[in-house]
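Work through the exercises below with the sequence and the structure open. Try each task before reading its solution.

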Amino acid sequence: EERPTPSPKPLLPRPPSKPQFPFQQKSLNLKRVRQRYFATNLIRAHQAISDSISDRLDIKSKQNSRLLSHLPSFTSIPEVRRLIARHLERWMQSPALSGLARTLFAATVSQMRHIDPPLPADIDAIDSILSMRLKANQLNAHIENITSIAKNIPTAAVAHHIFLRLLREELVSIESTSGSTASHSSQHSEHLRMVAAVSGAISPELAFDGIAGALLTLQANPTDEKVTNKIILTRQ
């Protein structure tokens, strides 16, 4: 009588290998990490962070390097970008903080959201950046960050806003030198350098539409500046 062949035993999984010390993490896998904050909780968390940073910046004391070194970690929050942009000019002009401020400047620009219409907080941040008055040796970095904004958010609304703000500032400078407009027109001013840099960083169609729309906006509002100066600006 033949005996039944016993069924093979299932193979047991190999025991996990013992970890090697010290641990060396080669890559970070976030797929299994559950997002802690979302929807309303995320909005409230961002608001709490921005309120805390705002209170710290409003303190009547010198801003230290430790504060600036931690701010890049929060530039993904729109309201924090708005707060940083409001204080960048003062930090950039400080010899002790200018290095950290340049890093913070670039981090703030890189985190601006590419959506249309743009976030109101990002528009406010762009206005603060465009109104900055920096030293001559910081002008190239300033122009580079402004062109980065135009490249990171290549929308008609942002291009029109940047060109309109720069051209309006140029009109103000023409007004301040109304007695020597000829000499002013022969110089390539700071604002016109920014206009040229931004127009070269985006598509020609977007640059043309942005500049044309900005000039039409200025021409349609005669209460801003004198019409003759607008004609001078258009020729430039």
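The exercises go from the whole chain to single residues; the model is a predicted one.

**Exercise 1. Overall make-up**

Task: State how many helices and strands the protein chain has, and what share of its residues is buried.

Solution: 
- Step 1. The secondary structure comes to 11 helices and 0 strands.
- Step 2. The protein chain has 236 residues, and 36% of them are buried.
- Step 3. Its accessible surface is about 15,500 Å², with 55% belonging to carbon and sulfur atoms.
- Step 4. Of the contacts between residues at least 6 apart in sequence, 72% join residues at least 24 apart.

**Exercise 2. Burial of α3**

Task: Find which residues of α3 are buried and which helices are included in their cover.

Solution: 
- Step 1. The buried residues are Val80, Arg81, Arg82, Leu83, Ile84, Ala85, His87, Leu88, Trp91 and Met92.
- Step 2. Their cover includes α1 (39–57), α2 (65–70), α4 (98–110) and α5 (120–130).
- Step 3. Take Arg82 in α3: its relative accessible area is 15%, so Arg82 counts as buried, the cut-off being under 20%.
- Step 4. Leaving aside residues up to four places away in sequence, Arg82 touches Pro120, Ala121, Asp124 and Ala125.

**Exercise 3. The largest nonpolar core**

Task: Name the residues that touch the most other members of the largest nonpolar core, and the helix that gives the most to this core.

Solution: 
- Step 1. The core holds 49 residues, and those touching the most other members are Trp91, Ile129, Ile149, Ile162 and Ile202.
- Step 2. Helix α7 (residues 156–176) gives the most, with 9 residues.
- Step 3. Beyond residues up to four places away in sequence, Ile202 touches Ala150, Lys151, Ala159, Phe163 and Ala207.
- Step 4. As background, nonpolar side chains in soluble globular proteins tend to be buried together.

**Exercise 4. A cis peptide bond**

Task: Locate the cis peptide bond between Asp116 and Pro117 and give its omega.

Solution: 
- Step 1. The omega of this bond is about 5 degrees.
- Step 2. Pro117 lies in the loop between α4 and α5.

How values were computed:
Residues are numbered from 1 along each chain as its sequence is written. This is a predicted model: local features need pLDDT of at least 70, side-chain atom pairs count only at pLDDT 80 or more; totals for chains, interfaces and linings use all residues. Side-chain values use heavy atoms; hydrogens and water are left out. A nonpolar core is a set of buried Ala, Val, Leu, Ile, Met, Phe, Trp, Tyr and Cys residues joined through side-chain atoms within 4.5 Å. Buried means under 20% relative accessible area, exposed over 50%, partly exposed in between (1.4 Å probe, protein chains only). Helices (H or I, at least four residues) and strands (E, at least two) are DSSP runs, numbered from the N terminus. Contact means heavy atoms within 4.5 Å. Accessible areas come from the Shrake-Rupley method with a 1.4 Å probe; for residues, only the protein chains shown count as cover.
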